[in-house]
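These are my notebook entries on a protein model that I went through piece by piece. I wrote down what I looked up and what I found in each place.

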Amino acid sequence: MVKFLLFTLFMVQAYVLAQMQVVDSLNNEPIPFTHIRVIKTKSTVLTNSEGYFSLDTLRSTDDTILISSLGYESKKYAVQQLYASSRIALSPKEQQFDVVAIQQDKGKLKLRKLGLTKKPRKLLPDYGVNAYNGMIQAVYIPNAHSMLGVLKHVNVYLTDNGIPNAHFRVHIYDVSLLEIKPDKELTTTNIVVSGAKGNEWVQVDLSKERITVGENGCFVGIEWFAAENSKNYQDTLIYKTLIINDTTEKDTLISEIKRGNGIVLGARYEAYSLSKNKIWYSVPFNDKWMKWSEYKAKTQYNIPDSLMMYYYEQLEEVNPSLHVPCVNITATFTKGKSEGNDMDAENRQFNQLEKVKENLSLYPQSTVVELFNSLIQAFQNDDVIYALKYLCVFKNDELEMFINYLEEHKNITGKYFSEAERKHLIERFHFILDHLKEDSLSQIDSQHFELKVNNHIYNLYYFEGKWKIYPINIHS
């Protein structure tokens, strides 16, 4: 009996000794919310705000763990190695900043805010968004100025419908050249912050990161952490709403229980057609980004995630919307407008083009994927003049030559293109979309890109926040 008690005590002590702390190798400071992955079981845990985590040594003695944190070199350890010390030291990465030439003369800079700057409408209990422990939700911040800027602050609205003083981590991502999607991470250090009482904007200083905001904007990623004091958090939310009873309408105070295990971001409803590409999410140790709107479109709205005109009409009928988090950035830009491009077909004056007005909601072109989707839509709708004017670029008098040829063809046949030609072009655009890869696009200069698909090369141009194609080689 005594031996059994001693054995039991030994096992309990061994389990207690398995609590580890992850620290900075240079200053021994704890690294909060570090990601720990057990290789064999693929389970994931996070250190707490003091860098501590526990391993179940009774089950993991023959396993390996991977430890990673933003701004530090990742490390692998056999679990048996960890018994020798209660601390694990990670080495900081050397910060290497990309040199980007941005003309910002003294006295000619202006601070501007990009993103959702309005507070949430606090009329309903679900005026915010939250996520699971360790999940990152990335929110797209478009750049309305279409010029390079320098990031200064990230501003996040935290509600009191959760744990306002819970910690969260801030990430900044570049925008993929092919579509509106998070790409390369631009943050290089571990930026963990918290709020206070809630229902307020929390400003995060990122000026030391020296991050360039691209012409197509950026993504702000918020990584959620469960608050250590939030397991049993519960409060009563009282809000004002409109009660309709037959013909009687009156304002009434409604009581409802609210719960939360971490921060809750304030959010506002935005039409699905405008917000469908704005919100992406990922989970720890998974490089794949998933689009939140695709899940909503399938489960809530029962509609395909498409830019086709038919679905635009359907969207207007069902009027779906998504919660967009109240997140914005403050960046510095040079005063004045960005310079145009001498190849821009929009500046060319032809009688045939004057009546055609730009429609970016029907034919978006802020990414390569949107450009080819819009080209497909334009040719399906026989909006050839629109495609030439807004979706293409030309050299010298090539546009005039195209217009004259197409007008002559239409006078003879009644159409700009024969059905066979139109079908071929649409099939070509679909083929390009189906075979796009991240490495398909290579940059030639500041505005000129080459898109290589199945040994065919297409010349693309990007300026003022829009992608266009040089159409001469489309038939190849």
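**Entry 1: strand 21**

Which residues of strand 21 point one way, which point the other way, and are they buried or exposed? I noted that this is a predicted model, and then I looked along residues 279-282, where Ile 279 and Tyr 281 point one way while Trp 280 and Ser 282 point the other way. I found that all of these residues are buried, on either side of the strand.

I next looked up the partners of strand 21. Strand 10, residues 136-141, is joined to strand 21 by four bridges, and the two run antiparallel; within this pairing, Val 139 has Ile 279 as its bridge partner. Strand 21 also pairs with strand 22, residues 290-291, in the antiparallel sense over two bridges, and here I found Tyr 281 bridged to Met 290. I reminded myself that strands of a sheet pair through backbone hydrogen bonds, either parallel or antiparallel.

**Entry 2: the whole chain**

I then stepped back to the protein as a whole, and I counted 10 helices and 28 strands in its secondary structure. Of its 476 residues, 45% count as buried. I also looked up the contacts between residues at least 6 apart in sequence, and 71% of them join residues that are at least 24 apart.

**Entry 3: strand 23**

I turned to strand 23, residues 321-325, and found it mostly covered, with four of its five residues buried. Strand 20, residues 265-271, pairs with strand 23 in the antiparallel sense over five bridges, and I noted Leu 322 as the bridge partner of Glu 270.

In which order do the four strands of the open sheet lie? I read the order as 3-2-5-6, with antiparallel pairing. Strand 3 (44-46) and strand 6 (75-78) stand at the edges with a single partner strand each, so one side of each is left without a neighbour in the sheet. The twist from one strand to the next averages 25°.

**Entry 4: helices 7 and 10**

I looked up how helix 7 (residues 368-380) lies against helix 10 (residues 419-434), and I found that their axes come within 9 Å and cross at roughly 160°. Angles over 145 degrees count as roughly antiparallel, and therefore helix 7 and helix 10 are roughly antiparallel to each other. The crossing is left-handed. The residues in contact include Val 369, Phe 372 and Phe 379 of helix 7, and Leu 425, Phe 429 and Leu 433 of helix 10. By class, the contact of helix 7 with helix 10 is made of 10 nonpolar, three polar and one charged residues.

How many of the eight residues of helix 8 are buried? I found that eight of its eight residues, 384-391, are buried, and I noted that Lys 389 is among them. The axes of helix 8 and helix 9 (residues 398-413) come within 12 Å and cross at roughly 175°, and these two helices are therefore roughly antiparallel to each other. On the side of helix 8, Val 384, Ile 385 and Leu 388 meet Leu 399, Phe 402, Ile 403, Leu 406 and Glu 407 of helix 9. This contact has seven nonpolar residues, no polar ones and one charged one.

**Entry 5: Tyr 462**

Why does Tyr 462 count as buried? The cut-off for buried is under 20% relative accessible area, and Tyr 462 counts as buried because its relative accessibility is 8%. I located Tyr 462 in strand 27, residues 456-463. Beyond its neighbours within four places in sequence, its contacts include Glu 215, Asn 216, Ser 366 and Trp 467. I also noted that Tyr 462 and Gln 365 are 97 residues apart in sequence, while their C-alpha atoms are 9.7 Å apart in space.

Most residues other than glycine have a negative phi. I therefore wrote down Phe 33, whose phi is near 55° and positive, and which is buried with a relative accessible area of 6%. Phe 33 lies in the loop between strand 1 (19-24) and strand 2 (35-38). I found a second case in Asn 454, with a positive phi of about 55°, in the loop between strand 26 (448-453) and strand 27.

Note on methods:
Residues are numbered from 1 along each chain as its sequence is written. This is a predicted model: local features need pLDDT of at least 70, side-chain atom pairs count only at pLDDT 80 or more; totals for chains, interfaces and linings use all residues. Side-chain values use heavy atoms; hydrogens and water are left out. Axes are lines fitted to C-alpha atoms, for helices over the stretch in contact, and angles run from 0 to 180 degrees between N-to-C directions. Angles under 35 degrees count as roughly parallel, over 145 as roughly antiparallel, 65 to 115 as roughly perpendicular and the rest as oblique. A crossing is left-handed if the near helix is turned anticlockwise from the far one by less than a right angle, and right-handed if clockwise. Contact means heavy atoms within 4.5 Å. Ala, Val, Leu, Ile, Met, Phe, Trp, Tyr, Cys and Pro count as nonpolar, Asp, Glu, Lys and Arg as charged, and the others, Gly among them, as polar. Buried means under 20% relative accessible area, exposed over 50%, partly exposed in between (1.4 Å probe, protein chains only). Two strands pair if DSSP finds at least two bridges between them.
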